[in-house]
Amino acid sequence: MIISPDMYKSQNLDKNLKELVAERNKLLVLIEEYENRLVLSNKDELTEDDLIKPSPQTMYYYNNCYLKEITDLIIEKAKNV
């Protein structure tokens, strides 16, 4: 399920720095998997994953938006360490 970047940020507001970093790392893995398969590769073949809704492109977009939000929270929390 896709949520807005603002909602994603609000759902993570109460996490500590360690939890925020773990969440960011999960997003980075998802982004890297997409980029390796569909951006950096020369393959044009579709897989079952490409036929799901929301599309991989949509999830890539939102994962990047979420990455920005979680990074902002990490920066805020790191100031207080």
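**Figure 1. Lining of the largest pocket.** The largest share of the lining of the largest pocket, five residues, is supplied by α2. Helices here are DSSP runs of H or I with at least four residues, strands are runs of E with at least two, and both are numbered from the N terminus. α2 and α3 each contribute at least two residues to this lining. In total 11 residues line the largest pocket, and Leu30, Glu33, Tyr34, Pro56 and Met59 lie nearest its centre. A pocket is an open set of points on a 1 Å grid over the protein atoms alone, with protein on both sides within 12 Å along at least five of seven lines, and lining residues have an atom within 4 Å of a point. The volume of the largest pocket is about 270 Å³, taken as the space filled by probe spheres set on the points, which are joined across faces, edges and corners.

**Figure 2. The chain as a whole.** The model is predicted: local features need pLDDT of at least 70 and side-chain atom pairs count only at pLDDT 80 or more, while totals for chains, interfaces and linings use all residues. Residues are numbered from 1 along each chain as its sequence is written, and side-chain values use heavy atoms, with hydrogens and water left out. The protein chain has three helices and zero strands, in the order α-α-α from the N terminus. Of its 81 residues, 23% are buried, that is, under 20% relative accessible area, with exposed meaning over 50% and partly exposed in between (1.4 Å probe, protein chains only). Among contacts with a separation of 6 or more, 75% join residues 24 or more positions apart; a contact means heavy atoms within 4.5 Å.

**Figure 3. Helix α3 and its buried residues.** Helix α3 covers residues 56–79, and its end C-alpha atoms are 34 Å apart, in agreement with the 34 Å that its 24 residues should span at 1.5 Å a residue. The expected span is 1.5 Å times one less than the number of residues. Pro56, Asn63, Cys65, Tyr66, Leu67, Glu69, Ile70, Leu73 and Ile74 are the buried residues of α3. Their cover includes α1 (5–11) and α2 (17–39).

Figure 4. Four aromatic pairs are found in the whole structure. Rings of Phe, Tyr and Trp (its six-membered ring) pair if their centres lie within 6.5 Å; planes under 30 degrees apart count as stacked, over 60 as edge-to-face and the rest as tilted. Tyr61 and Tyr62 are edge-to-face, because their ring centres are 5.1 Å apart and their planes are at 90°. Tyr62 and Tyr66 form a tilted pair, with centres 6.0 Å apart and planes at 45°. These two residues, Tyr62 and Tyr66, lie four residues apart in helix α3, about one turn of the helix. Tyr62 is partly exposed at 23% relative accessible area, whereas Tyr66 is buried at 6%. Tyr8, Tyr61, Tyr62 and Tyr66 form one aromatic cluster.

Figure 5. The largest nonpolar core has 10 residues: Ile3, Tyr8, Leu20, Leu27, Ile31, Tyr66, Leu67, Ile70, Leu73 and Ile74. A nonpolar core is a set of buried Ala, Val, Leu, Ile, Met, Phe, Trp, Tyr and Cys residues joined through side-chain atoms within 4.5 Å. The largest share of this core, five residues, comes from α3. Leaving aside neighbours within four places in sequence, Leu27 contacts Tyr8, Asn63, Tyr66, Leu67 and Ile70. Asn63, in helix α3, is buried with a relative accessible area of 8%. Not counting residues up to four places away in sequence, Asn63 touches Leu27, Leu30 and Ile31.

Technical notes
On a 1 Å grid over the protein atoms alone, a cavity is a set of points where a 1.4 Å probe fits but cannot get out, and a pocket is an open set with protein on both sides within 12 Å along at least five of seven lines; lining residues have an atom within 4 Å of a point.
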